[in-house]
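Here are my notes for your first look at this model. Keep the structure open beside you as you go through the points.

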Amino acid sequence: MNWTYILSLILFSTGLYIALSRRNAIVVLMGIELMFNAAAINFLISETEPGEGQTMILFILGIAAAEAATGMAIILNLFERFSSIDTSDTTLLK
Amino acid sequence: MGDPQVHSLLKLIYLPVWFPLAGIIFLVLPSSVVKYSSLFFQLVALIASLFFIQLFYTQPYFSATWNIPWIDIIGFKADFSFRLDNISCLIAFIVCIISFLVGIYSCSYISSKSEQKKFWLFLLLFQFSMLGLLFSNAFISFFLFWELVGFSSFLLIGFYNSKKESGSAAMKAFIFNKISDLFLLAGFIFLIVKGDINSFDKLSTSGFINSSELSSIVPYLLIVGGLAKSAQFPLQGWLPHAMAGPTPASALIHAATMVTAGVYLQIRLLPVYSDIHLIILGMAGAFSAIWGGFCAIGQVEIKKLLAFSTISQLGLMMVAVSTSNETSAIVHLLTHAFFKCGLFLTAGIALHYFITKSSNENEQSYSKFVLPKNYRTKFLILILILLLSLTGIPFTSGYISKESILLSLLEKAGTYDSIWTITFILTLLSVLLTGIYSGRFLYLIYSNKNGETTSNFKIPFQLLLPVIICSVLSLSVFWTGLHILGELDSVWFISLLNISVPSESGIFAIILPIISTLLAVGGFIVGYTLTNRPRFENLEYLITLSINQFYIDRLYSGIYRIFSKLSSFINIQDKQIYIGFIYLEKIYDSLIYKENNYSISAIARKMEDTAGNIIPSFFSGIALIGNAFIRILQNGKIQTYLYFSVILFLLLFLLINL
């Protein structure tokens with residue numbers, strides 16, 4: 001048993017909890033980033049060849065950056081439309 | 001490598017880098033204790049840097065490298081490597097001592113409790129990343145810290161985030177730095193991938209100049225990469241606006257330490273450059289020196305005047321680097337750090353305490369400051385020492401560095417291209433300009449005698465102490481025994497001449513200090529007396545040119561405007577095409593459903609109606625309950641849907657594992 005899995009587990013559950021419970025959209029985005037990082041750590045510890053996990057991490061970092069940029073753009077548009085980034089105010093998807 | 005006893009002491013853990021980081025962790029303490037803990041860690045960092053400095057007195061050319069393995073992918077290896085040598089240790093010492101002084105100053109300057117913690121966080125983050133940058137050896141880790149430094153500068157410029165102008169100033173600084181950083185990153189990538197060089201220490205041994213393939217582009221990329229951070233010529237416009245941040249941060253970051261990171265980078269990259277690149281670097285530096293000096297003359301806000309003066313002095317440092325005499329560049333970096341920091345801290349005190357009530361609050365115009373009677377002479381002495389050091393009058397520290405820069409330029413001018421002569425003349429001219437704006441600064445802050453002052457006036461000692469220390473350290477006596485740097489080991493202003501005098505231009509080398517001192521003194525007197533007149537009558541257009549910074553900012557915003565016009569034009573075109581497609585779809589829809597005369601929505605409505613008739617009434621109760629249930633489920637919050645999908649996923653997971 002690799003103890004680093006515990007770290008990744010904690011990171012993932014923290015991220016999931018934040019993403020599900022927080023009402024501030026930016027904090028939700030932060031939670032999603034945490035889950036990304038948990039996935040990255042999983043890649044790192046379960047690599048079969050040296051360097052494989054690190055390569056995946058570089059990809060994940062790139063994707064996470066792109067995701068953060070998209071997320072922030074969405075939040076900006078959300079704010080423009082609802083003048084709030086509280087997720088309980090944005091319930092048009094009924 | 002040193003002897004084993006020294007080597008065992010030089011563990012990575014003693015590097016001053018880590019202490020500001022520890023200070024950041026201790027920011028979780030209650031805010032009344034925070035300033036003491038942060039000051040304590042800054043002091044420890046200062047002591048650690050002093051400890052490393054004293055090593056170089058016993059072993060002048062000591063250097064050590066540590067590699068911490070970081071990224072190791074097949075074919076690409078990047079270590080987190082730290083390197084310790086005399087240059088990095090000396091600059092780290094400057095960073096630590098200036099940070100400590102600014103820390104003391106800001107204890108009193110940042111008065112509100114809520115802002116204090118934020119300020120300490122930014123300040124310690126800056127100190128950590130700056131020290132990391134100085135000790136970094138590998139390009140990747142250097143670039144990481146380089147970006148961190150830029151980021152903490154961004155944070156500190158936008159410190160008063162409720163003001164609009166400080167936000168836009170922070171954005172401006174960030175964008176200017178990003179342009180430059182892209183070039184730097186490109187240069188580093190070329191070096192790593194093509195040249196197989198991944199750290200600064202391999203650079204000096206690699207014989208880089210001979211490989212023509214790389215040297216055709218990489219040096220230019222690296223030159224541009226260092227320009228914005230040091231606010232050098234085409235990318236200088238952010239620094240005057242960066243004064244929107246709190247004054248102690250301006251003193252630390254935008255005068256003494258961060259802006260010198262570009263100079264430090266160029267010193268490290270000297271092995272890359274050949275003569276032609278050095279000429280370009282020197283011209284950029286000399287031009288910035290002239291430009292900054294000229295723009296400083298027209299300013300009426302003292303902080304902006306100092307910002308332009310910083311651009312000018314950084315230009316001088318770049319010139320010194322371009323003569324491949326890095327010692328004089330570092331000495332100027334050191335002396336400049338103290339006198340410019342002192343001047344900024346003085347400006348901060350003046351803006352807080354000496355402003356007359358009658359004048360407009362927002363504008364730091366002429367004769368706005370009135371020194372209270374009990375501080376008048378004390379402040380005159382402090383400011384005079386700092387200003388004379390800035391102009392480079394003998395017996396001040398500024399003289400040592402400025403003279404050594406001029407002498408090494410003279411040596412170049414005698415031996416190489418005629419372009420060096422132009423650089424030399426431009427630099428001499430910037431000495432004159434320095435004198436003029438220094439005189440003007442003194443006039444702005446000191447001349448007004450008749451304004452209302454309150455007697456029994458007390459400035460907190462925490463604000464005065466750093467200024468006093470800075471001005472004492474601007475006297476030359478403290479720097480004459482600076483023998484860490486080798487050649488300039490006993491820099492008294494006469495013995496300096498004996499060391500650096502090149503044999504061919506002997507007669508000039510004796511005349512030069514006299515000329516430059518006369519220029520500086522003359523400029524100082526002219527600057528002080530001519531500011532007296534409301535305007536220089538015949539030179540009106542020069543002053544407008546100076547205030548508007550040669551219209552370079554206007555040029556940039558003009559370019560921006562052209563691009564934004566172009567993109568909005570394209571945007572309109574795009575929208576029209578897009579709308580055209582939408583209409584096309586509608587036409588298509590109507591063509592399909594024309595035969596049976598139904599649109600999609602009409603079909604849907606019809607289905608709803610029939611369903612309403614079919615459902616018997618005794619089901620309606622169940623339907624209502626179901627409706628309420630579904631209403632809870634379908635509440636429109638994405639998070640609820642996500643929550644259910646997580647539960648569903650977990651159930652599926654359980655089902656598979658059963």
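1. Start in chain B, with a pair of helices. This is a predicted model. Angles under 35 degrees count as roughly parallel, and α4(B) and α16(B) are therefore roughly parallel to each other. The angle between them is about 5°. Their axes lie 10 Å apart. To find them, look for residues 86–109 for α4 and residues 326–353 for α16, both in chain B.

2. Which residues meet where α4(B) and α16(B) touch? From α4(B) come B:Ile87, B:Leu90, B:Ile91, B:Ile94, B:Ile98, B:Leu101, B:Tyr105 and B:Tyr109. They meet B:Ile330, B:Leu333, B:Leu334, B:Ala337, B:Cys341, B:Leu345 and B:Gly348 of α16(B). By class, this contact has 14 nonpolar residues, 1 polar and no charged. Keep the helix repeat in mind as you look at the list. An α-helix has 3.6 residues a turn, so residues three or four places apart point the same way.

3. Stay in chain B and check α19, residues 419–446. Its 28 residues should span 40 Å at 1.5 Å a residue. The C-alpha atoms at its ends are 40 Å apart, which agrees with that expectation. Is α19(B) mostly covered or mostly open? It is mostly covered, since 20 of its 28 residues are buried.

4. Now turn to chain A. Its secondary structure comes to 3 helices and 0 strands. Along the sequence, the pattern reads α-α-α.

5. What is the radius of gyration of chain A? The value is 16 Å, whereas a compact globule of 94 residues would have one near 12 Å.

6. Burial and contacts in chain A come next. Of its 94 residues, 14% are buried. Take the contacts in chain A with a separation of 6 or more: 46% of them join residues 24 or more positions apart.

7. Finally, look at where the two chains meet. Here 13 residues of chain A are in contact with 13 residues of chain B. On the chain A side, α1 (4–21) and α3 (52–82) each supply at least two residues. The largest share of that side, 3 residues, comes from α1(A). Sorted by class, the side of chain A that touches chain B has 6 nonpolar, 6 polar and 1 charged residues.

Terms used:
Residues numbered from 1 in each chain as written. Chains lettered and ligands numbered in written order. Predicted model: local features only at pLDDT ≥ 70, side-chain atom pairs only at ≥ 80, totals over all residues. Contact = placed C-beta atoms within 7 Å. Helix = DSSP H or I, 4+ residues; strand = E, 2+ residues; numbered from the N terminus. Nonpolar A, V, L, I, M, F, W, Y, C, P; charged D, E, K, R; others polar. Expected span 1.5 Å × (residues − 1). Buried ≥ 20, exposed ≤ 12 C-beta atoms within 10 Å, placed from the backbone. Rg over C-alpha atoms; globule rule 2.2 N^0.38 Å. Axes fitted to C-alpha atoms, helices over the stretch in contact; angles between N-to-C directions. Parallel < 35°, antiparallel > 145°, perpendicular 65-115°, else oblique.
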